[in-house]
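The exercises below are to be worked through with the sequence and the model side by side.

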Amino acid sequence: MLIIIVSLALCSDEEYHGPSEEDVIILDKNNLKEEIFESGSEEGWFIDMHAPWCDHCKKLRPEWAQLATRLKGKAKVASLDASQNRQFDQIFDLKGYPTLVFVPPGLKSEKISFKYDGARVVDRM
């Protein structure tokens, strides 16, 4: 019993065991503007702006991975550690974590994006 408790205590909270995240595009200060606003991409972008320590963000993570796979070829699904990339707070009106933002298809502008406040499960996003 003690061994199990010690083993559980040693497991990292950051360890992820959910669905594959291979279809989630990772954004940061070095690639966000280029990927979304400068690449000429015609697809819409759905962005999860999160913090790694946020429990709500951790709960969303497997749903986000499934959504990325489901929308592959229809829309880009991306993730941004907003706690480390604060320069985008104003562009996307970030007020808390997680913030989900949709940048519509077509011509992209930093002034045109929409916060998503709906359900946080893949079948309803």
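**Exercise 1. The pocket.** Which helix and strands each supply at least two residues of the lining of the largest pocket?

*Solution.* The model is a predicted one, and the pocket in question has a volume of about 400 Å³. Its lining comprises 23 residues, and those closest to the centre are Glu 21, His 50, Cys 57, Lys 58 and Arg 61. Assigning the lining to secondary structure, one finds that strand S2 (44-50), helix H3 (55-71) and strand S3 (75-81) each supply at least two residues. Of the elements, H3 gives the most, with six residues.

**Exercise 2. The nonpolar cores.** Identify the residues that touch the most other members of the largest nonpolar core, and state which elements give two or more residues to this core.

*Solution.* The largest nonpolar core has 16 residues, of which Leu 27, Leu 32, Ile 36, Ile 47, Met 49, Phe 92 and Val 103 touch the most other members. Two or more residues of this core come from each of helix H2 (32-38), S2, S3 and strand S4 (99-103). Apart from this core lies another, of 10 residues, which includes Val 24, Trp 64, Val 77 and Leu 100. Taking Val 103 as an example, and leaving aside residues up to four places away in sequence, its contacts are Ile 36, Phe 37, Gly 44, Trp 45, Ile 47, Phe 92, Lys 108, Ile 112 and Ser 113.

**Exercise 3. The chain as a whole.** Describe the order of the secondary structure, the share of buried residues and the range of the contacts.

*Solution.* The chain contains three helices and five strands, which follow one another along the sequence in the pattern α-β-α-β-α-β-β-β. Of its 125 residues, 38% are buried. Among contacts with a separation of 6 or more, 71% are between residues 24 or more positions apart.

**Exercise 4. Confidence.** Where in the chain is confidence lowest, and where is it highest?

*Solution.* The mean pLDDT of the chain is 86, with 89% of the residues at 70 or more. Confidence is lowest in helix H1 (residues 2-10), where the mean is 36, and highest in strand S1 (residues 25-27), where it is 97. Over residues 1-13 the pLDDT stays under 50, and the model has one contact beyond four places in sequence for this segment. Where pLDDT is low, predicted coordinates should not be read in detail.

Methods. Residues are numbered from 1 along each chain as its sequence is written. This is a predicted model: local features need pLDDT of at least 70, side-chain atom pairs count only at pLDDT 80 or more; totals for chains, interfaces and linings use all residues. Side-chain values use heavy atoms; hydrogens and water are left out. pLDDT is the predictor's confidence in each residue, from 0 to 100. Helices (H or I, at least four residues) and strands (E, at least two) are DSSP runs, numbered from the N terminus. Contact means heavy atoms within 4.5 Å. On a 1 Å grid over the protein atoms alone, a cavity is a set of points where a 1.4 Å probe fits but cannot get out, and a pocket is an open set with protein on both sides within 12 Å along at least five of seven lines; lining residues have an atom within 4 Å of a point. Grid points are joined across faces, edges and corners, and a volume is the space filled by probe spheres set on the points. A nonpolar core is a set of buried Ala, Val, Leu, Ile, Met, Phe, Trp, Tyr and Cys residues joined through side-chain atoms within 4.5 Å. Buried means under 20% relative accessible area, exposed over 50%, partly exposed in between (1.4 Å probe, protein chains only).
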